[in-house]
Structures are given as structure tokens and as C-alpha cells.
Amino acid sequence: MKGLTKFIARVLALSFVVSLVSCGGGGGSDQVTTSAATTAAPAPVVTSFTAVAMPGEMLTYSLDSTNLTYSYTITDSQYGLNGKTGSGTLVKNGDGTYSPAGINNAKIVILPNGLLLGAIRETISGVPTTIPIYGMSSPVSDIGSGVATYNFVQRTCLSGTCSSVYGTFAIRSDATWTSCPSGNLTTGCPGITNSGTLNSLGGGKWQVLSGATNIGTAIMMNSSGQNVMILDLKDGRAGGYGIGFLVGASQQSVDATKTNGSWVAASTTGAWGVMAASGTKLSNISVNGLPSTATSTLTFNSPWIGMATATSGGHGLLAGTGVYVYENTGGYAELGVKIN
């Protein structure tokens, strides 16, 4: 009897536990299942950019920082790539940059002001190429936001010959522009000036006209009191402006307080590097992932305010917006951003 009594007691206790669980009591399985079912996954954080590629392409670029993926569509091409799409995965690095899988040494950087430095992999003139891109998430859509006098660095190719140049240009409230290659408009251009008009295409894109000739498409942004313009140049006429890019920043005095820190840059030779600026010294920390000891000394506000002249002989911009762009003889150029 005692044995039977104990058996019945155990059966009743087990029945109570089963009943309790099936009713959801005591934090049972139904409650856990319901909680798991109603917990939503984090929404993807996707940022879209309008961008210009170094050879002179226009594209839209999107980055999903939650799922670590990117995608793009080429919207205007001088190399038969209109409508070409691409996508891939990213690895997030400790310095806040991203590395795109399958594109060696390249970096993807998004600055808080919406400026993008990135890379895509496409075939240009029959050669698979890693192509640096420069873009912005919220280009301005009213001409008044772009009015300023800018310093610029430009790199273009025409009939197989590439060249780089620096200078100034001005945008006015009546949507006209004037440029001075190798000179400063604010003190009087020593050479021949170029001029034309800007025509809104919507979505922050601006058609740049020289007379009736469409020489390219521009995007502009404002950041901390400084304007930035990126221009996709596509004038392939003999004697035209060429195919490539132009980057400008509204004129502001530059000094070490704005330039000290780390910069990531990509060059027309395909090299990607990290540089450290300290005072007037610019040092390469790495090139294509390998340590480098090359250095250059900068003379700020030379040959005029907002520009910098390097001991290498080239000229560049290290703007407070985080923009870096540099040119040297032979059509060499670099694009970059400040990461800290």
C-alpha cells in the first residue's frame, strides 16, 4: 500500500506539472515561444549615395550597415556600363571603415556628414579595374546652397592622354559658373577663364553646361559652413574638358588643427593607403596593406588660401569637411577622406 500510495502521489505531481506548463504558468514554454515570436529583428540601416567614379562614371550606391552588404547601379557611363549593377559583402574594421570582399586593399568610409569614399570592381576598356568612388548621401537641390568660390583638383583623360590640374571656380545665385585653371579667381585669374551654366536635373544632380555642351553632372553638399562639389566630367570631344572627375571645396584657410589625424586615400595607380597628418608633415602609414615610410611636407594656404603645396611638387586639398584630393604631374591624382 505504501508503495502504491507513493506511486499515485508521483503521478498526481507529474499531472500538476504538465497542467501548469500547458496553461503557460510559471514561465512555461508557451510564454517563451510567444515572446520569441513577437521579438522583431533589427531593421536594416541602409544609406544611399549619389557618387562619381574616378574614371568619370555616375552611380547610385547603397550600404547596409546591419547586414554588411552593398549594392550599386551605374547610371551614366562613358564606357558602355549604363545600367550595370553590382553587389557584395563587407567586413567592418576596428577603425570604423569597411572592407569590400573580393576588392583587395580597398576601403569603404562614410563620414558623419554623409560623404562617401568607396570602391567598385568593373571592367574599363577591357581591363578589370578597382574603381574609387566619391559620393554624398544628401546632395543639395537648390542653387543657393552651392553659391561659393571653390578650390578644385581635376583629373581627366582625353584621346588616351590623362592630365591633372588645380584651380578655382565660382558658382553664382543665377546658376552661372566661372573657372580659372591654375589660378585664384578671388585675386584675379592670370589666364583664360571658362564659364557656363548649371541646370537642375532633380534629386540633387546638376547638369554643367559650357555654352550648349554638356560637360558633366555635379553634386554638391554643405557641411559645417563649407561646401563640397563633385563633378563627373564626360566631355569627350576633341579639345573638350575630358572624361574624369573634379572635386572642389569652398575656400577656407587650412591649418594643422583641421588636418591632424588619419586619412584614407585611393590613387589613379590603383594603390590604397592610410596616411597620418601631424603639423605640416604627411606620412604614409601603409600602402595596399603594407607598411610605408614615405613622407611629404605641406605648405598650407599655398599657392593661395585653402590649398596645400607638397614637397613632391603636387597640390591638394585637405578640407575641414574631411575631403582630401591631390594632383601631380602626369595625370596622377588621389581621392580620400579623414577618418579621425
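Student: What makes the space of about 290 Å³ the second largest pocket here, and which residues are closest to its centre?

Tutor: About 290 Å³ of space lies in this second largest pocket, and of the 17 residues that line it, P55, I124, T129, R155 and T268 are the closest to its centre. The term pocket is used because, on a 1 Å grid over the protein atoms alone, the points form an open set with protein on both sides within 12 Å along at least five of seven lines, whereas a cavity is a set of points where a 1.4 Å probe fits but cannot get out; lining residues have an atom within 4 Å of a point. Grid points are joined across faces, edges and corners, and the volume is the space filled by probe spheres set on the points. This is a predicted model, in which local features need pLDDT of at least 70 and side-chain atom pairs count only at pLDDT 80 or more, while totals for chains, interfaces and linings use all residues. Residues are numbered from 1 along each chain as its sequence is written, and side-chain values use heavy atoms, with hydrogens and water left out.

Student: Which strand gives the most to the lining of the second largest pocket, and how do its residues divide by class?

Tutor: Strand 8 gives the most, with 5 residues, a strand being a DSSP run of E at least two residues long, numbered from the N terminus. The lining divides into 9 nonpolar, 7 polar and 1 charged residues, where Ala, Val, Leu, Ile, Met, Phe, Trp, Tyr, Cys and Pro count as nonpolar, Asp, Glu, Lys and Arg as charged, and the others, Gly among them, as polar.

Student: How do you know that strand 1 and strand 8 pair?

Tutor: Two strands pair if DSSP finds at least two bridges between them, and 4 bridges join strand 1 (residues 46-53) to strand 8 (residues 127-136), which run antiparallel. A51 stands opposite G135 in strand 8. An open sheet of 8 strands takes the order 5-4-3-2-1-8-7-6, with antiparallel pairing. Its edge strands, each pairing on one side only, are strand 5 (98-100) and strand 6 (109-110).

Student: Why is S267 called buried, and which residues is it in contact with beyond its sequence neighbours?

Tutor: Buried means under 20% relative accessible area, exposed over 50%, and partly exposed in between (1.4 Å probe, protein chains only); S267, at 5% relative accessibility, therefore counts as buried. S267 lies in strand 17 (residues 261-267). Apart from neighbours within four places in sequence, S267 is in contact (heavy atoms within 4.5 Å) with M54, P132, Y332, A333 and E334.

Student: What makes strand 13 largely enclosed by the rest of the structure?

Tutor: Strand 13 (residues 205-210) is largely enclosed because 5 of its 6 residues are buried. Strand 13 is joined by 5 bridges to strand 12 (residues 194-202), running antiparallel to it, and by 5 bridges to strand 14 (residues 213-223), again antiparallel. Q207 in strand 13 stands opposite N199, while its bridge partner in strand 14 is T217. Strands 12 and 13 form a hairpin with 2 residues between them, where G203 in the turn has a positive phi of about 65 degrees; strands 13 and 14 form a hairpin with 2 residues between them, where G211 in the turn has a positive phi of about 65 degrees.
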